[in-house]
Amino acid sequence: MIKKIIKLFLLCVLIGIAVSAAINIYMVSYAAPLVFNSRAELKKAAAESGGYTALVPGAMVYGNRLSTVLQDRVDAGIDCYNEGIKDGFCTALLLSGDHGKKWYDEVNAMRLYVLRTTPDIDRERIFLDHAGFDTYDSLYRAREIFKAEKLIVITQRFHSYRAVYIGRKSGLEVYAVALSEDKYAERLRFSWALREYLARLKAFADTAVQRKPRFLGEPVPVSGNGLKTWDIFEDK
């Protein structure tokens with residue numbers, strides 16, 4: 001009896017490993033043709049299309065100081081927006097992150113960084129999503145709250161496949177500009193890969209059932225004025 005239970009348990013484990021591996025392989029292969037190394041490569045593939053919103057997903061902040069991972073994303077998001085606004089390819093910048101607590105605010109930390117580094121940016125084109133608690137929430141809310149139909153997600157390569165998959169399975173025209181991870185320690189990259197392996201399983205389930213985020217709210221279309229999404233207007 002015990003041997004049968006052990007065999008059944010091991011069989012379940014092997015099936016679980018096989019299914020999780022299959023989901024990861026499927027998600028990466030599905031999204032890979034839509035992930036690019038630069039905006040220039042993306043623009044060429046998008047065949048002169050325009051009107052994209054640059055979505056920067058949040059990551060760890062320390063007060064108003066961005067983690068290196070997040071700073072890389074915001075810098076690339078600023079570049080994508082500044083280059084794209086000239087030819088209409090990119091028309092808005094959407095900063096999405098965790099602002100679920102008063103003492104932890106990824107969104108305004110990103111906003112302040114953008115204003116410090118690009119003081120002449122058109123503030124009305126900066127939209128803040130305070131309830132982007134995870135990638136799925138950010139993409140879902142981009143569609144439902146910000147009424148975005150075309151997105152460029154700016155993030156590290158390991159994360160880009162999941163973001164594109166979620167967006168495409170949610171009916172959005174989504175591409176990603178994948179940022180290099182080469183400067184990060186190998187141990188850190190390994191931990192990202194392991195966590196991402198598991199996160200893809202959750203994303204697969206979320207998109208399958210179209211889970212609703214914790215918060216929705218009144219629409220603020222990216223075609224309008226981004227200042228309506230600001231809760232703080234100070235630059236410091």
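A salt bridge is a side-chain nitrogen of Lys or Arg within 4 Å of a carboxyl oxygen of Asp or Glu. In this predicted model, the side chains of Lys183 and Asp72 meet that criterion, with an N to O distance of 3.0 Å. Lys183 sits in the loop between β8 (173–179) and α7 (186–209), and Asp72 in helix α3, so the pair ties together parts that are 111 residues apart in sequence. Lys183 is exposed, at a relative accessible area of 57%, whereas Asp72 is buried, at 18%.

A search of the whole structure finds 12 salt bridges. One of them joins the side chains of Glu83 and Arg39. Glu83 belongs to helix α3 (residues 68–87) and Arg39 to helix α2 (residues 39–45), so this contact links parts that are 44 residues apart in sequence. Here Glu83 is partly exposed, with a relative accessible area of 39%, and Arg39 is buried, with 14%.

Another bridge pairs Lys202 with Asp206. Both residues lie in helix α7, four residues apart, about one turn of the helix. Lys202 is partly exposed, with a relative accessible area of 44%; Asp206 is buried, with 8%. Through shared partners, salt bridges join Asp134, Asp137, Lys202, Asp206 and Arg211 into one network.

| Salt bridge | N to O distance |
|---|---|
| Glu83 and Arg39 | 3.1 Å |
| Lys183 and Asp72 | 3.0 Å |
| Lys202 and Asp206 | 2.8 Å |

Definitions and conventions:
Residues numbered from 1 in each chain as written. Predicted model: local features only at pLDDT ≥ 70, side-chain atom pairs only at ≥ 80, totals over all residues. Heavy atoms only, no water. Helix = DSSP H or I, 4+ residues; strand = E, 2+ residues; numbered from the N terminus. Buried < 20%, exposed > 50% of the residue type's maximum accessible area, 1.4 Å probe, protein only.
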